[in-house]
Amino acid sequence: MAALRLLRRAAGRTLCRAASGGRPPSVPERIEEKRRAALLGGGRGRIDAQHKRGKLTARERVLLLLDPDSFDEYDMFVEHRCSDFGMDSDKNKYPGDSVVTGRGRINGRLAYVFSQDFTVFGGSLSGAHAQKICKVMDQAAMVGAPVIGLNDSGGARIQEGVESLAGYADIFLRNVLCSGVVPQISLIMGPCAGGAVYSPALTDFTFMVKDTSYLFITGPDVVKSVTNEDVTQEQLGGAKTHTAVSGVAHRAFENDIDALLNLREFFNYLPLSNRDPAPVCECHDPSDRLVPELDTVVPTESTKAYDMLDIIHSITDEREFFEIMPSYARNIVVGFARMNGRTVGIVGNQPKVASGCLDINSSVKGARFVRFCDAFNIPLITFVDVPGFLPGTAQEYGGIIRHGAKLLFAFAEATVPKITIITRKAYGGAYDVMSSKHLRGDANYAWPTAEVAVMGAKGAVQIIFRGKEADAEAEYVDKFANPFPAAVRGFVDDIIQPSSTRMRICHDLDVLASKTQSNPWKKHANIPL
């Protein structure tokens, strides 16, 4: 075999010399040869194997994500520096190593990208690989542009030992330093295991591809040996697990192409950095459009459910809404939309799931989304129909007090424009938490169906009248099950007709576009993590 390799190498040198008239290849010829090798990655066989798994190669992904002819590649000639375990042989040297990095445009807007190449050493992270990623992250932070990571890696390159671990730490540091400075997006398009999972976990959004992407600290074999649990890769760390059970991932897509096209659409909602305002695009949906169906969307029976998504879709531009974490903590809805062309973040209780109660998972989901919007100057619109925090020992033992405080903290510290609409119930402490006027809400409205109270009529009457509640419930409902107690105290700015909601929000956003507000100086706040 060694002799065969020597013959092939010699043949390659002979061909090069023959092509150049018997002389050694010139520098331009060597450059071109290296470029061709870099474009092939791990070789035709491994590319075919990648395609057989239903996956695109690293370069195909970059070219599909970015605008045509906009990709400027960095460090195409970089090679790993490991000399142990035969890694210094020519057959183990690949120009560009196991990651493709550079910058390009998405719908004309600048983005920095790295795409791990599974055809080269399984996309494993070497010192050179990490160095390439760090370079694009540093430049993205310097110029103010988002970083997008396309992850498809077997983990640390074992042959490099601690240098590979140091490379991960270098990336983690930059994830932290870039947090709140430029948007960071991770798209998991293959395996991502061990320490490698913490980079996506530190980014703002993590998306996955169904059936081909996995995120876990330890694989099924290790789990079996330590805990004796039998579990598949998909059950342990697949897209369904992380989008519906753990909440690690924000959304999952059908395949590589679907994921990359959705990522292009999602990118349009985001500002390039914390120095930019929320993006504004051309809008053909009239800002003063009335929505008559909203006048009847809330049922007259206060215990009957309705879909908060119906309200959200009806008031947004062209009925478009990019929902974040649609399969996790479904009792709260969060996502991005546009109002009169301007990007907004929308938060809403979902009466269809657990009556819209706030619990541990929904509080954490909502808080993280609110903080992202505040960090990147995206106005917040909150729709409130919340009967309170979910009761029970599971919630209390799980720390609902601490986790619920995260959502309260996020809304209170946010300085972006905040518009709140109470559609029906706003009970107890949950009323305060959901972007109330007391947490510096800029425009707070109630629909005629709104009820702002300490608790529901039945529970309140039992406490107040203690067995003498025959006619008391009707009296309590008449006093508190309406928007007037809040309106007369100025806790809501107006009681509005539901059909006028879009018009009111658009007008308020125009006024609040010049809002300036700041918090007291501090090194950083101490949110109850």
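This is a predicted model: local features need pLDDT of at least 70, side-chain atom pairs count only at pLDDT 80 or more; totals for chains, interfaces and linings use all residues.

**Lysine entry.** I looked up Lys365 and found it in helix 13 (residues 360-375); helices (H or I, at least four residues) and strands (E, at least two) are DSSP runs, numbered from the N terminus. Residues are numbered from 1 along each chain as its sequence is written, and side-chain values use heavy atoms, with hydrogens and water left out.

A salt bridge needs a side-chain nitrogen of Lys or Arg within 4 Å of a carboxyl oxygen of Asp or Glu. Leaving out residues up to four places away in sequence, Lys365 touches Ile324, Met325, Tyr328, Ala329, Ile332 and Val334 (contact is heavy atoms within 4.5 Å).

**Ring entry.** My search of the whole structure gave 16 aromatic pairs. Rings of Phe, Tyr and Trp (its six-membered ring) pair if their centres lie within 6.5 Å; planes under 30 degrees apart are stacked, over 60 edge-to-face, and the rest tilted. Tyr269 and Phe322 have ring centres 6.2 Å apart and planes at 55°, so I logged the pair as tilted. Tyr269 is in the loop between helix 11 (256-267) and helix 12 (308-315) and Phe322 is in strand 10 (residues 322-324), so the pair ties together parts 53 residues apart in sequence. Tyr269 is buried at 1% relative accessibility, and Phe322 is buried at 2%.

I also have Phe336 and Phe369 as a tilted pair, 5.1 Å centre to centre with 55° between the planes. This pair links distant parts of the chain, with Phe336 in strand 11 (residues 332-339) and Phe369 in helix 13, 33 residues apart. Both Phe336 and Phe369 are buried. One aromatic cluster includes Tyr269, Phe322, Phe336 and Phe369.

Then I checked for charges over rings (NZ of Lys or CZ of Arg within 6 Å of the ring centre and within 35 degrees of the ring normal). Arg251 lies over the face of Phe322, 4.3 Å from the ring centre. Over the ring of Tyr269 sits the charged end of Arg338, 4.2 Å from its centre.

**Helix 5 entry.** Helix 5 (residues 127-143) has 17 residues. From first C-alpha to last I have 25 Å, close to the 24 Å expected (1.5 Å times one less than the number of residues). Its buried residues include His129, Lys132 and Met137, and their cover includes strand 4 (147-151) and helix 6 (162-178). After helix 5 comes Gly144, with a positive phi near 80°.

**Salt bridge entry.** How many salt bridges does the structure hold? I have 22. Lys135 and Asp75 meet at 2.9 Å, N to O. Lys135 is in helix 5 and Asp75 in the loop between strand 1 and strand 2, so this pair ties together parts 60 residues apart in sequence. Lys135 is partly exposed at 36%, whereas Asp75 is buried at 17%. Last item: Lys55, Arg61, Asp152 and Asp256 are linked in a salt-bridge network.

How values were computed:
Buried means under 20% relative accessible area, exposed over 50%, partly exposed in between (1.4 Å probe, protein chains only).
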